[in-house]
Amino acid sequence: MKRLKLGILQVNHDRSVEVGDAFPDDAHRFRDLFDAQEQRFDYRVYMTVGGEVPQDVDEQDAYLITGSPESILHELAFLDPLYDFIRRADAAAKPLLGVCFGHQAIAAALGGTVEQSDWNIGVETHTFLEHFDWMQPAQEDVNLHSFHHDTVTVLPEGCRRIAESPGCVNAGFAKGDHIITTQGHPEFTDRFMAGILEATKHVLSATEVEVAEARAGMSSDGEVFAAWATRFFGGTP
């Protein structure tokens, strides 16, 4: 089976003892998720958090932009190169998946609006409003971990909402057949979610912590979304 070349744009480099030293980084979490399938990818990780982006969109067959605890509402040095890459990938109709921060970055790069919102933490049901051929196994709802304080409030022109959740109206959007996004985290494990929640409690209210912990008992469907993403990229899980 020919391996697809998947470029992972990593927009986070956690140096904390509680998270960075205790868990695999963002790119490795996605590799662990995808490697549980029969399909294998040839991976290339771009440390976009340091300004590295593909110079030619055809370097890889498809791309994924990871999540990050950073906010695109801040003046981050790597945002301009990232936005430029997103627009180039869009123009070339290159398969591109954005997750959490990646979802918001694609929205901002293409002319949408991202604003700060209430914290949304824990597993929640994402309802998909549109069916795609790559959604196999076919199901309307998937449970995904969520952990975000910013949200996409206005979609870019030419994009359409494809998913919603109780805590996020625009939980996913698409453009043509080449861009999809999700505010949820298919790559999060229960253990990782518990770890970052513990590390973040000092900035959360007691109610926010209580809600997040209550939702932690829900099962998640990261492997289902991984199968979808693999087909979207052009592979067969």
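Author: Arg44 lies over the face of Tyr46, at 4.1 Å from the ring centre. A charge is said to sit over a ring if NZ of Lys or CZ of Arg is within 6 Å of the ring centre and within 35 degrees of the ring normal. This is a predicted model, in which local features need pLDDT of at least 70 and side-chain atom pairs count only at pLDDT 80 or more, while totals for chains, interfaces and linings use all residues. Residues are numbered from 1 along each chain as its sequence is written, and side-chain values use heavy atoms, with hydrogens and water left out.

Reader: Which residue lies over the face of Phe192?

Author: That residue is Arg29, which lies at 3.9 Å from the ring centre of Phe192.

Reader: How should I read the sheet, and what is the order of its strands?

Author: Helices (H or I, at least four residues) and strands (E, at least two) are DSSP runs, numbered from the N terminus, and two strands pair if DSSP finds at least two bridges between them. Here 9 strands make an open sheet with mixed pairing, in the order β2-β1-β3-β4-β9-β8-β7-β5-β6. Strands β2 (41-46) and β6 (141-154) stand at the edges, and because each has a single partner strand, one side of each is left without a neighbour in the sheet. From one strand to the next, the twist averages 25°, where axes are lines fitted to C-alpha atoms, for helices over the stretch in contact, and angles run from 0 to 180 degrees between N-to-C directions.

Reader: Which strands does β1 join, and through how many bridges?

Author: Strand β1 (residues 4-9) runs parallel to β3, to which 4 bridges join it, and it also runs parallel to β2, with 6 bridges between them. Individual residues let you trace this pairing: Ile8 has Leu64 in β3 as its bridge partner, and Gly7 has Arg44 in β2.

Reader: And how does the chain get from β3 to β4?

Author: These two strands, β3 and β4 (residues 96-99), pair in the parallel sense over 3 bridges, and the bridge partner of Tyr63 in β4 is Leu96. Between them the chain passes through helix α2 (residues 79-91), making a β-α-β crossover that is right-handed; the term applies if, with the strands pointing away from the viewer, the path from the first strand over the helix to the second runs clockwise.

Reader: Which way do the side chains of β3 point?

Author: In a regular strand the side chains alternate between the two faces of the sheet. In β3 (residues 62-65), Ala62 and Leu64 point one way, Tyr63 and Ile65 point the other way, and all are buried, a word that means under 20% relative accessible area, with exposed over 50% and partly exposed in between (1.4 Å probe, protein chains only).

Reader: How many aromatic pairs does the structure hold?

Author: A pair of aromatic rings is described by the distance of the centres and the angle of the planes. Rings of Phe, Tyr and Trp (its six-membered ring) pair if their centres lie within 6.5 Å, and planes under 30 degrees apart count as stacked, over 60 as edge-to-face and the rest as tilted. The structure holds 16 such pairs, one of them an edge-to-face pair of Tyr63 and Phe85, at 4.9 Å centre to centre and 75° between the planes. That pair links distant parts of the chain, with Tyr63 in strand β3 and Phe85 in helix α2, 22 residues apart, and both residues are buried.

Reader: Why is the pair of Phe188 and Phe192 edge-to-face?

Author: Their ring centres are 4.8 Å apart and their planes stand at 75°, so the pair is edge-to-face. Phe188 counts as buried at 8% relative accessibility, and Phe192 is buried too, with a relative accessible area of 4%.
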